[in-house]
Amino acid sequence: MNQQTTKRLTTAQAIITFLKNQYVERDGVERPFFAGCFGIFGHGNIAGIGQALQQMPEFRYYQARNEQAMVHAAAAFAKTKNRLQAFACTSSIGPGATNMVTGAATATINRLPVLLLPGDIFARRNVAPVLQQLESEHSQDISVNDCFKPVSRYWDRISRPEQALTALPEAMRVLTSPADTGAVTVALPQDPQAGAYAFPEALFHKRVWRIPRNRPDRGALEQAAAWIRASQRPLIIAGGGVLYAEASGTLQHFVDQAGIPVSETMAGKGSLRYDHPLNLGAIGATGTFASNRVAKDADLVIGIGTRYSDFTTSSKTAFRYPDVRFININVASFDASKHLALPLVGDAKAALEELLLLLDGYRVDESYRAHSEQLHSAWDAEVERIYAIRNEPLPSQGELIGAVNELSAPDAIMVCAAGSLPGDLHKLWRSRHPKNYHLEYGYSCMGYEIAGGLGIKMAAPERDVYVMVGDGSYLMMNGEIVTSIQENHKLVIVLLDNDGYKSIGALSRSLGQDGFGTRYAYPSNGVLPGDTAGAEARTLPVDLAANARSLGAHVIECKTYADFVAALSEARTADRTAVIYIQNDRYVGIPSYESWWDVQVAEVSEMPQVEAAYAEWAKMRAQERYFL
Ligand SMILES: Cc1ncc(C[n+]2csc(CCOP(=O)(O)OP(=O)(O)O)c2C)c(N)n1
Ligand SMILES: [Mg+2]
């Protein structure tokens, strides 16, 4: 085809036409990369991207309520699709754009592809300052969209239409790269966005981006096999990379053959079924005693697709064996090299397949395997114990998690992000398939829950989606309930009300700070009450169930565990998004199991409890390690 054939389009029309024609292929399966575009219109995008979407309804537009929420929905969609499909998000300029910054950071930290198309100020500048323009006396080449730079894996601004010709392929390279993916921002000043240009037709040809399964260096693989053979107590840590690579089956095969136990990170939970005898469950600060005991003595840690967050490593106190070594399988050399590991840079599935061949005939010592299996069973009994608690008068969070787990279909998807729920879920949720457990715990962004649920349901409409959300997160961002009803993407939202921030309240008490600022209560004598105020604190007249009802949801209010069980079956048959509202106990918590999380305590204070907490902290701090 003649490279010189051109088509006169606005830049926005060219972008949407381009996006429509981008495909990805992995393992011989080809699919369109973009599922459509979320957006909220304003003067920064209505005549550009807005008009283009209107003209091309085959590239589906979804209206959102809040720009941050739509980016969360897009990220959750991409996560559910194992990064093989994604959304674009269009916003106006100014606040519409900066609302997306938090969403961008969430996507980038979780390594999830999202294409952001914020509107931008006039490139021709003569009418500046345009409504919502933040001016600078130092430069005219600056706008609020520069805020996206540190939270994007690729950032560009299209000030002249022909810049799209080089920007768009770069955007696709990053979005489809397993190692580099994250938020990609292409800012669109409104004049070139709606202005026309003769674009080469070649830009719009169908293009298939191959998602590679890179194999690690052969020498590194051989060395890894030698290290594994030499190890007495190896432990696998399964991270999100196992799931994105769809490597669960290979991991199970590997574990069955080698007998190495597996612990799971927040993003990697579900890599093995919970009832696999060598699955020790969650690891780290929110880990099980099974994982944390094995991690403590492990002489070799094989991290697969993990970024080793402080929650995973218990702030570098989890691995105590003096000569512990690490082998890290990761698509990103950055993560593969953490803890001065032997890096196996490559795809999790491909790397495990190669290692399996090199480990032919290898098996851990029978006593080590038996020890791991014993811990697995002991942990399962602990989960059973917590599921069976029937706390009065208000139910405990653990028993409610048990009910959701036991009464949901094994192929349902449960989503959560912040509060006390993630830690409890990490320990207690029994994952029955690789996508059963969806936690955004890279940014732990309050507000992700319902918006994320929407994105998940769009990615997997055939599955039930359970959103587990605290009252704090619910208050922060609940608007996508409306979108779920508008688009008929039914969610079951379990809204756990404990009158404020249970998680930060517990953290505050552990720091000697009495839950200050974490209860939803009226001030008394100008001071917000802490936990010692007990029941004397006057709670706020907030009715979250009525709030959910006002947004159009089917709301079921519960008081007891029995009500809750009945509500779960009612919600399953409801014709639209259902919200199960229940108050639960602020103080009954799940303990931590032989782990720690480093939160810096005030070194000097006028409060004796804080000084005591500091002394305790200093002891644990001394156990933090460098891996050199
Ligand atoms: C956007 C955002 N702001 C602040 C925080 C810090 N934070 C973590 S959990 C939490 C409280 C969450 O309250 P809620 O949703 O009611 O859950 P609970 O702790 O009561 O279980 C806060 C403020 C956060 N994670 N995200
Ligand atoms: Mg709460």
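N498 and G500 are both buried, buried being under 20% relative accessible area, with exposed over 50% and partly exposed in between, for a 1.4 Å probe and protein chains only. This is a predicted model, in which local features need pLDDT of at least 70 and side-chain atom pairs count only at pLDDT 80 or more, while totals for chains, interfaces and linings use all residues. Residues are numbered from 1 along each chain as its sequence is written, chains are lettered from A and ligands numbered from 1 in the order in which they are written, and side-chain values use heavy atoms, leaving out hydrogens and water.

Back to the two residues. Together with D471 (OD), N498 (OD1) and G500 (O) coordinate the magnesium ion (ligand 2), at 2.0 Å. Donors here are N, O and S atoms within 2.8 Å of the metal, or 3.2 Å for Na, K and Ca; water is not among the atoms, so sites may look incomplete. The spacing of the donor residues in sequence is D-x26-N-x1-G.

Now the sheet. Six strands make up an open sheet with parallel pairing, ordered β19-β18-β20-β21-β23-β22. On average, neighbouring strands are turned by 20° against each other, direction ignored. Strands are DSSP runs of E, at least two residues, and helices runs of H or I, at least four, numbered from the N terminus. Two strands pair if DSSP finds at least two bridges between them. Axes are lines fitted to C-alpha atoms, for helices over the stretch in contact, and angles run from 0 to 180 degrees between N-to-C directions.

Between β20 (residues 465-470) and β21 (residues 492-497), which run parallel, there are five bridges. V467 has I493 as its bridge partner in β21. Helix α15 (residues 397-407) packs on the sheet and touches β20, β21 and β23 (578-583), its direction making about 170° with that of β20. Helix α16 (residues 421-428) also packs there, touching β18 (413-416), β19, β20 and β21, and its direction makes about 150° with that of β19.

Last, T90, in strand β6 (residues 86-91). Why does T90 count as buried? Because its relative accessibility is 0%. The T90 side chain makes a polar contact with that of N45, at 2.8 Å; such a contact is a pair of N or O atoms within 3.5 Å, and within protein one must be able to donate a hydrogen and the other to accept it, with residues adjacent in sequence counting only if both atoms are side-chain atoms. Beyond four places in sequence, the residues in contact with T90, meaning heavy atoms within 4.5 Å, include F38, I49, M70 and L117.
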